[in-house]
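Trainee: I would like to learn how to read a structure like this one. Please take me through it one feature at a time.

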Amino acid sequence: MGSNYFKELIDVLNYKLLTIPLYKIILAFFVLFLFLVLRKIFTMFILKFLKVLVSKTKTDLDDKFLQAIKNPLRFIFIIAGIYFFFYILGIQANIINHIIKGLLIFDVFWVMYNIIDAFQENVYKILGKFGKASRELASFIIKITKILIISIGVIALLQDWGINVTGFIASLGLGGLAFALAAKDTAANIFGGIAILTDNIFKVGEWIKVGNAEGTVEDIGIRTTKIRAFDKRLIIVPNATIANSNVENFSRRDKRRVVMRIGLVYNTPIKTIEKIVNDIREMLKNHPDIAKDESLLIYFDEFEDSSLSIFCYFFTKTAIWSEYLRIREDINLKIKEIVEKNGSSFAFPSNSIYFETSLKLEND
């Protein structure tokens, strides 16, 4: 009875499903499950122990490194499980080998990508020690490195599958030509971005104007620069365009220029005009927020249609917009006070109409 049961069990296990014995299928799934369990054990005990260990050191470099390789290390158990799954089943086809190699290549480049991502703050600090290096330059270098890692990884995968990338592009004919032209534009934008960062033309947060695009720089990317306009539109400008254009960087100003005209009424006496001009000039010379080392020009220079025009040209000590407006307000109030104190007033556009009347005498 027992021997018959044992024999039937062997027959069932030897039953072939798609030419593969059932016992091999069961064993393969068991091994795959075993590797998933080992992955869980590795996460709960070994990785946890390593995390506690590196947390006790004075530097955070080992913490970042462990964080970078943690998931790729766990992924190795899945790769091993898949490999032994097909090995036990006796399936050793060429496509399976390519899948396993592809997963290993993916895992290696995953580690490299994570390491770059984990240590980017350190890159910022290192480049920050140099004169022209900035956070934007560090960010640009990190982005380029990540793209290179992804590109090399994809090429490695394609090469493993026997695809010659260079030959494939060349075989596209017109498509290859279009690809080459697109690559040319991309290269121009990349070098334009490098020029922006190395020449320190502008930084994130600065107010610039390039052609018709004006606003605050939000991001300096590999191909494009994003500018947030003052009406909150997002303007995206290719780096090659910026590199070949005149760029106005308003944030780099240390002063702001003020050009204004003050119109007095035409019946203002000459002495009063001279007094107003001198008072305004003295007020600006003594104002604490006006740049004394820059041009300060206050002159009565024009007879306009409806006013006697006083030209004012000077600079504030600050370039900050809110501070500039505060200074302008203070100066405007002081000028109004000077004009009123001297008995004159501001002119406004007006027209005078003259009527001629004739007196007719009649003799009775």
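Mentor: Start with pairing: two strands pair if DSSP finds at least two bridges between them. Helices (H or I, at least four residues) and strands (E, at least two) are DSSP runs, numbered from the N terminus. This is a predicted model, in which local features need pLDDT of at least 70 and side-chain atom pairs count only at pLDDT 80 or more, while totals for chains, interfaces and linings use all residues. Residues are numbered from 1 along each chain as its sequence is written, and side-chain values use heavy atoms, with hydrogens and water left out.

Trainee: Over how many bridges do S9 and strand S10 pair?

Mentor: Strands of a sheet pair through backbone hydrogen bonds, either parallel or antiparallel. Here S9 and S10 (residues 308-316) are antiparallel and pair over 6 bridges. One of the bridges links Phe 303 to its partner Leu 308 in S10.

Trainee: What is the order of the strands in that open sheet?

Mentor: The order is S8-S10-S9, 3 strands with antiparallel pairing. S8 (256-264) and S9 (297-303) are the edge strands, each pairing on one side only. Neighbouring strands are turned by 20° against each other on average, direction ignored. For such angles, axes are lines fitted to C-alpha atoms, for helices over the stretch in contact, and angles run from 0 to 180 degrees between N-to-C directions.

Trainee: Which strands does helix H10 touch?

Mentor: Contact means heavy atoms within 4.5 Å. Helix H10 (residues 270-286) packs on the sheet and touches S8, S9 and S10, its direction making about 150° with that of S9. Helix H11 (residues 321-341) also packs on this sheet, touching S8 and S10, and its direction makes about 25° with that of S8.

Trainee: How do I describe two packed helices?

Mentor: Two packed helices are described by the angle between their axes and the distance between the axes. Helix H3 (residues 61-89) and H4 pack at about 175°, with axes 8 Å apart. That makes H3 roughly antiparallel to H4, because angles over 145 degrees count as roughly antiparallel (under 35 as roughly parallel, 65 to 115 as roughly perpendicular, the rest as oblique). Residues making the contact include Lys 64 and Phe 65 of H3 and Ile 115 and Ala 118 of H4.

Trainee: What does Lys 64 touch, not counting residues up to four places away in sequence?

Mentor: Lys 64 touches Ala 118, Phe 119, Glu 121 and Asn 122, on that count. The C-alpha atoms of Lys 64 and Ala 118 are separated by 5.7 Å, although these residues are 54 residues apart along the chain. The side chains of Lys 64 and Asn 122 are joined by a polar contact of 2.8 Å. A polar contact is a pair of N or O atoms within 3.5 Å; within protein, one must be able to donate a hydrogen and the other to accept it, and residues adjacent in sequence count only if both atoms are side-chain atoms.

Trainee: Is Asn 249 buried or exposed?

Mentor: Buried means under 20% relative accessible area, exposed over 50%, partly exposed in between (1.4 Å probe, protein chains only). Asn 249 has 15%, so Asn 249 is buried. Asn 249 lies in strand S7 (residues 247-249), and its side chain makes a polar contact of 2.9 Å with that of Glu 206. The side chain of Asn 249 also reaches the backbone nitrogen of Arg 252 at 3.3 Å.
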